Amino acid sequence: MFFNPEIFQITALSLQVSTLATGISLLIGLPLGTWLALGNFRGRSFLLSIVNTGMALPPVVVGLVVAMMLWRSGPLGDLRLIYTPMAIVIAQTIIAAPVVTGLTAAALEALDPRLSQQLLGLGASRLQMVWYLWREARLPLLAALMAGFGSVISEVGASMMVGGNIKGQTRVLTTAIVLETSKGEFETALALSALLLVLTYLINLALTRIQQRGQKR
Amino acid sequence: MSKENSLFVDGIIACMQRIFSIFVLFASVITACTGLESSAPASSNLILATTTSTQDSGLLDVLIPLFEAESGYTVQTVAVGSGQAMKMGEDGNADVLLVHAPEAEEEFMAKGFGKDRALVMHNDFVVVGPASDPAGIAGMAAVDAWKRIAASGAVFISRGDDSGTHKKEMNLWKQAALDPKGQAWYFESGQGMGATLTIASEKGAYTLTDRATYLAARDHLQLEILVEGDETLLNVYHVITVNPEKWEKVNYEGALAFLRFLIAPSTQEIIGQFGVDRFGQPLFFPDANKTDEDLGL
């Protein structure tokens, strides 16, 4: 039962969509979080509080708002993205980006504030300084990445709303589980749930290994 | 900005520039692996808004691939209730509707939101409940059964989602001159037919369902058919194309092709055979050769 092509396709789509969304969130969240943590400018705490609130955005609400934007009757309807995997990527990026940003900011703020001065004093370039700070904070930064990924691989509300759970096109593991449950096919739903859990475990195992590399404990 | 701030910003920008090129490579690999990057092309894509009963029974899983192979269109089937499907049609967010709420559909057509409307098939609704039948409704007419359920306070699960099934249920309450809302024994699931049946089964409650979804789900339910065959329980499906004069972005050609497909004799025959091998009886009865009046509408 596990090896039928439809399940492969659903699993592959889940991974592609959530990995891409997490990747984009990292691209947004890492620089933004770093700047929020290290920068000193007016409105910094206000921005930080917005980001932290964003971490608690309900995925179904994000899905609803993005769907309303992408419907033909909505402002971005001409892009024809509704009910496509890219729409799910967009919604999931909006969900994961605040998580990655907020946790990155917290990770870098926890560093010794004199560290950056020391690095510059030792002759580090600006690039080297930021790079070294990231390396110093790699434990909580990888945790931020895992949290961002976790927040999207497991969500169903946004995927349902903007994707439509269309067979062969936008059905992902979480929405497939909801469908099988509503049809009363509980065994299939449980099997898909187990598959999802194993997948997320393997990914987080790999990331944890990277995170813990070099730790002596 | 202070000198320290600008140092940080420069450093961040420098690091991100290096990361960005790696990311672009990685993202293009992912999107190249599937059609992730493609948005739906206008003319070959069709959004079908339909009921949960046509999807949960499995009929669309048979019909849609046939239509796609024959016509070359890609159908995006969104299974919502009839109420939401018609709202999507009103807002131009769907191209074609397959729904089963005749009164609401007539209003939809009267307001000019739909262009073509064709009778496709029918089956019937049945009232299901626990085998023990606490309210004693077995064999009654539907409206009488509603009165008996209200009088005995037996638990009833409603779809509560403005779907075709929900509208039929509310119509029966109206005929019985009763208002169940807010009563202690009346619950609204707000979900599709499959999920609602599961709730009714778990709670040992009564509910109204179309025969097709019930048969498809029967194996995991502890519910029996208690009321059937009543002429008020007729369940008629129509296909409606959304009016391109109201919304120029709808794919009218595709919608019309789908309508013609559904009423074509070969498709009608497939509809008539659907479910016979699994359930010993057809789940839907093809009607394209009849009119609404023939069915008593």
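**Exercise 1. Find where H1(A) bends, and by how much, in this predicted model.**

Solution. Go to A:Gly29. H1(A) bends there by about 25°. Now read on along the chain. A proline, A:Pro31, follows within four residues.

**Exercise 2. Describe the fold content and dimensions of chain A.**

Solution. Start with the elements. Chain A has 10 helices and 0 strands. Along the sequence, the pattern reads α-α-α-α-α-α-α-α-α-α. Next, the dimensions. The C-alpha trace spans about 65 × 45 × 25 Å along its principal axes. Then burial: 45% of the 217 residues count as buried. Last, contacts. Among those in chain A with a separation of 6 or more, 75% join residues 24 or more positions apart.

**Exercise 3. Work out which elements of chain B touch chain A, and which gives the largest share.**

Solution. Count first: 41 residues of chain B are in contact with 34 residues of chain A. On the chain B side, helix H1 (3–33), strand E2 (74–79) and helix H8 (193–203) each give two or more residues. H1(B) gives the largest share, 17 residues. Sort this side by type: 21 nonpolar, 14 polar and 6 charged.

**Exercise 4. State how far apart the centres of domain 1 and domain 2 of chain B lie.**

Solution. Domain 1 is 1–36, and domain 2 is 45–122 + 236–295. Their C-alpha centres lie 47 Å apart.

Notes: Residues are numbered from 1 along each chain as its sequence is written. Chains are lettered from A and ligands numbered from 1 in the order in which they are written. This is a predicted model: local features need pLDDT of at least 70, side-chain atom pairs count only at pLDDT 80 or more; totals for chains, interfaces and linings use all residues. The bend at a residue is the angle between axes fitted to the seven residues ending there and the seven starting there. A residue is buried if 20 or more other C-beta atoms lie within 10 Å of its own, exposed if 12 or fewer, and partly exposed in between; C-beta atoms are placed from the backbone. Two residues are in contact if their C-beta atoms, placed from the backbone, lie within 7 Å. Domain bounds come from an automatic or database domain assignment. Ala, Val, Leu, Ile, Met, Phe, Trp, Tyr, Cys and Pro count as nonpolar, Asp, Glu, Lys and Arg as charged, and the others, Gly among them, as polar.
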